Amino acid sequence: MAQVEKRGGLLRKSSASKKPLKEKVVLMYDEIFMTEDPSKCSPRFWEELFLMKVNLDYLEGKLESLDGEELMKIKDNINCLFQHCIQALGEEHPIRVVNALQTLCALIRGVHQKNKSTSGFDIINMLMGFDKAELCMKNLMESLDSLLCAEGSESLKSLCLKLLLCLVTVTDNISQNTILEYVMINSIFEAILQILSHPPSRREHGYDAVVLLALLVNYRKYESVNPYIVKLSIVDDEATLNGMGLVIAQALSEYNRQYKDKEEEHQSGFFSALTNMVGNMFIADAHEKISVQTNEAILLALYEAVHLNRNFITVLAQSHPEIGLVTTPVSPAPTTPATPLGTTPPSSDVISSVELPLDADVQTSNLLITFLKYSSIVMQDTKDEHRLHSGKLCLIILTCIAEDQYANAFLHDDNMNFRVNLHKMPMRHRKKAADKNLPCRPLVCAVLDLMVEFIVTHMMKEFPMDLYVRCIQVVHKLLCYQKKCRVRLHYTWRELWSALINLLKFLMSNETVLLAKHNIFTLALMIVNLFNMFITYGDTFLPTPSSYDELYYEIIRMHQSFDNLYSMVLRLSTNAGQWKEAASKVTHALVNIRAIINHFNPKIESYAAVNHISQLSEEQVLEVVRANYDTLTLKLQDGLDQYERYSEQHKEAAFFKELVRSISTNVRRNLAFHTLSQEVLLKEFSTIS
């Protein structure tokens, strides 16, 4: 017997001796695309249709091939198909429900694709008809809600979520997706929470549920009252919040693991040996090749949770009971294949078997540690647009955390010490730190390490000014908390001071190039005011009196940099140019730093002359400093411990609109409706009565 091949809805014998035959479902689709009602000649047409395996490609392709006028001619049949799909969702036969869900996906995508090129018809009218739209969508949302909350099939739940993601992401700008008005009215918020609070459901569907929630929260968030924002902001159920935290931690953890694997692969390979031979000449190129696609969708979910819900802050520091426990997966074969990590879930074996993989040298972990490691990777390379967006979002999340009183309490808690192995950019002038030498410290130390790392590794021609400003703001907010609560943090503050001074030197040496694009005085003022915070209030939060002495030593040692900065801002503030006002603010801010330099330098020179020493040691300089504090006069500067609180709507709206557009496009691109083969379904639904 000749073999039968199937392509594009056609059945044909390989001998090609006969005319190709269309499979039955394709013939039925063709009837729908006629102007006549297909059920006139065949009363059981709709019943039979949903027993047929869906041919998504053919259905979507057919919709896309018609022009607007042709589509309008078959509008009644499209409306009829849409309504019968919704009716089929209430059927007892699971196969019909699955086929109805897949058909709805194809219809929604196909009609939207057509609308991109033709604005001659309304999508809601085309799919449902204006007069029936409200009732149709109410029934659809109620059916999806029931399927998601029922005890039944995991495959059906998976398809329900994929249909909802399809519905939400079908337009690039989700706020222009008018169908979502009905999703706002007929909320599925509780169904999403139920998935997150129930461990078996969360393992199977948690990722899709979290991404769906993050997108729904961003629908017209600045124009109207979004019920998903309101509801997310008041969730206080511990199991639900922990479930959401676990899903986010798993996705970020999987990214970190993939990156680490690639890094190790790189270091053990031929390329690594070659770069070592030539003295790491190509170290930048080597680093660029260690890239894993970033996950903005899950980062957006983390941001919305941290920003909107104060109760979620507790989840950041919570160690989860499932961490590190290897269990046998409860569910059958995964319903979703492993997909690229961009805006798609970690493969289900990761979720089922190990809730949160831990580093060998870390006894316990939490969401914040996982997030800090993720941030340390994506913030290394900001040249790529996705990584730039990810880096910015990481810093925005850290800004929200640094402003929160409770978050600061556990960040600075001496009883919560962790070893956090941040990823560091390979640089020629420093050796890779050994992971096992990391000390156990309060989590705020890891945040400060991350900020210092960013400062020292991004002084480049394409200067990321916005990220630098956010980075300095995070440090400032942490210092404000320490000053307010008199927290004496044992941290290597010298590393921060040194990084800040080097940043000032970079701004000065690249003044002309940077001023063409940025107001560098805003950043310079923030850096100078960080030093003013240490000078004015350091005695309340620096760990020891000798730390305060070291601050003065560092300022005196690097006095040339501060002198050069003063000369630069003085020059620009006395000219009538565009930078006059901005530069003069820095001039005034330098008053105490200059007072310290002008007070101690002559005394140090005098000490050296009297004792006939050409170069003083650090200890000798500190001796002079300690002996001359009493005669130093400083001015009290107001507002050093004040800051403007983060506000999304006024300052970040454009960024989030663009970010959500990018996420929507990626989610749509990665949605897979072909994952459920008829064979898998027949196994799961072994009886069809």
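Helices (H or I, at least four residues) and strands (E, at least two) are DSSP runs, numbered from the N terminus. The model described here is predicted: local features need pLDDT of at least 70 and side-chain atom pairs count only at pLDDT 80 or more, while totals for chains, interfaces and linings use all residues. Residues are numbered from 1 along each chain as its sequence is written, and side-chain values use heavy atoms, with hydrogens and water left out.

**Protein chain**
- The protein chain has 35 helices and five strands.
- Of its 689 residues, 56% count as buried (under 20% relative accessible area, 1.4 Å probe, protein chains only).
- Among contacts (heavy atoms within 4.5 Å) with a separation of 6 or more, 78% join residues 24 or more positions apart.

**Second largest pocket**
- A pocket is an open set of points on a 1 Å grid over the protein atoms alone, where a 1.4 Å probe fits, with protein on both sides within 12 Å along at least five of seven lines.
- The second largest pocket holds about 600 Å³ of space, the volume being the space filled by probe spheres set on the points.
- Its lining (residues with an atom within 4 Å of a point) comprises 23 residues, with V469, Q473, K477, M526 and E644 nearest the centre.
- Two or more lining residues come from each of α24 (465–485) and α27 (520–541); α24 gives the most, with seven.

**S376**
- Helix α20 (residues 367–378) contains S376.
- S376 is buried, at a relative accessible area of 4%.
- Leaving aside residues up to four places away in sequence, S376 touches L422, H423 and L450.

Conventions
Buried < 20%, exposed > 50% of the residue type's maximum accessible area, 1.4 Å probe, protein only.
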